[in-house]
Amino acid sequence: MPLSKKRVIFYSFFVLFLGVFSIFSLAHYQLRNLGEVKNLAIEKIEELTRRKVSIGEAEMDIVRGLSILLKDVSVKSRWGSEPELTAHSVRVVVKLLPLLEKRIEVKQIIVQGASLQVVRNASGQFSLGDVQKWISQPADSQLFKVLKVSLMSQVMVEDGSLHFQDYLDQPKDKPLQLEMNHIHFSVRKSLVKSPYQFSLKGEIPNSEASTAFKVFGAFDNLSEEKGLTGISIDGKFRLNPLNISRFQQYFKKVLAKNSGWLSIDSSFSGNLEGILK
């Protein structure tokens, strides 16, 4: 007796469900020791950042694919006891098939609710480290290794914020304070265009309405020979009207010494050696 179409569809979906369930079950079995995964994550992040790292709970999650969810992540500042970077959660999405061979391969990293605190002291030093050295000698400063690890998979930051306190050329105990909120950032590999596509958008608070900005484009592969300054980059920059009075000291050569509003809608290309147009 031939099977009806409904039965064929039912059995097909049932077999598919069993296959997917089996793969997820085996993958879950491989990731069952979350305490060990958490300790490994702390060890690797501390190795890359050379900072003290703290992670709260670790749990399994399947909202965006099989993933390890690390909660309440913080990276201590090198200048004080307060954390330099905090995140509500870091979701590490893993590939299924390598897990069946007892290997963990990262497919995507999603950082949610990140907050970065940056300070520049009266001597011009940044709390993050020697920024000039990052660019000129990325291999020595560990930055090159951090970037290479990050770019191995798709990286996303959702609803982040940046808080910058600048004591350089400011009255004592009255730093210039700048903020960026609702930051969304992503880097992903492209199979068609340049190797990497990036997008960064967010808001700059003003006394009136917030100013939205967006930077997006593409850049080449990282190369230790070329360094960061030799990476070719092409993109676009859009900035809604921004009150420039707070930014006078950063743009003394290009902005007049008066208040006003600035809007930008432009494209750029070149590299970080200063060859940009």
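These questions and answers walk through a predicted model of a protein.

Me: How many helices and strands does the protein have?
Reply: The protein has 277 residues, and buried ones make up 35% of them. Its secondary structure comes to five helices and 12 strands.

Me: What share of the contacts with a separation of 6 or more comes from residues 24 or more positions apart?
Reply: A contact means heavy atoms within 4.5 Å. Take the contacts in the protein with a separation of 6 or more. Residues 24 or more positions apart account for 53%.

Me: Is E84 buried or exposed?
Reply: E84 forms a salt bridge with R51, with the closest N and O atoms 3.5 Å apart. E84 sits in strand β4, and R51 in the loop between α2 and β1, 33 residues apart. Buried means under 20% relative accessible area. R51 has 15%, so R51 is buried. E84 has 5% relative accessibility, so E84 also counts as buried.

Me: Which strands does the salt bridge between E59 and K71 tie together?
Reply: The closest N and O atoms of E59 and K71 are 3.3 Å apart. The pair ties together parts that are 12 residues apart in sequence, because E59 and K71 lie in two strands: β2 and β3.

Me: Is D265 buried or exposed?
Reply: D265 and R238 meet in a salt bridge, 3.7 Å from N to O. D265 is in strand β12 and R238 in strand β11, 27 residues apart. R238 has 38% relative accessibility and counts as partly exposed. Exposed means over 50%. D265 has 63%, so D265 counts as exposed.

Me: Where is D72 found?
Reply: D72 has a positive phi of about 50°, although D72 is not a glycine. D72 is exposed, with a relative accessible area of 53%. D72 is found in strand β3.

Me: What is the relative accessibility of H182?
Reply: H182 is another residue other than glycine with a positive phi, near 50°. H182 is placed in strand β8. H182 counts as partly exposed, at 43%.

Me: Which residues lie nearest the centre of the second largest pocket?
Reply: About 240 Å³ of space lies in this pocket. The elements giving two or more residues to its lining are β4, β6, β7 and β8. The lining residues divide into six nonpolar, eight polar and three charged. There are 17 lining residues, and those nearest the centre are Q117, V118, V119, H163 and Q165.

Note on methods
Residues numbered from 1 in each chain as written. Predicted model: local features only at pLDDT ≥ 70, side-chain atom pairs only at ≥ 80, totals over all residues. Heavy atoms only, no water. 1 Å grid on protein atoms, 1.4 Å probe; cavity = no way out; pocket = protein on both sides within 12 Å on 5 of 7 lines; lining within 4 Å. Points joined across faces, edges and corners; volume = space filled by probe spheres on them. Helix = DSSP H or I, 4+ residues; strand = E, 2+ residues; numbered from the N terminus. Nonpolar A, V, L, I, M, F, W, Y, C, P; charged D, E, K, R; others polar. Buried < 20%, exposed > 50% of the residue type's maximum accessible area, 1.4 Å probe, protein only. Salt bridge = Lys/Arg side-chain N within 4 Å of Asp/Glu carboxyl O.
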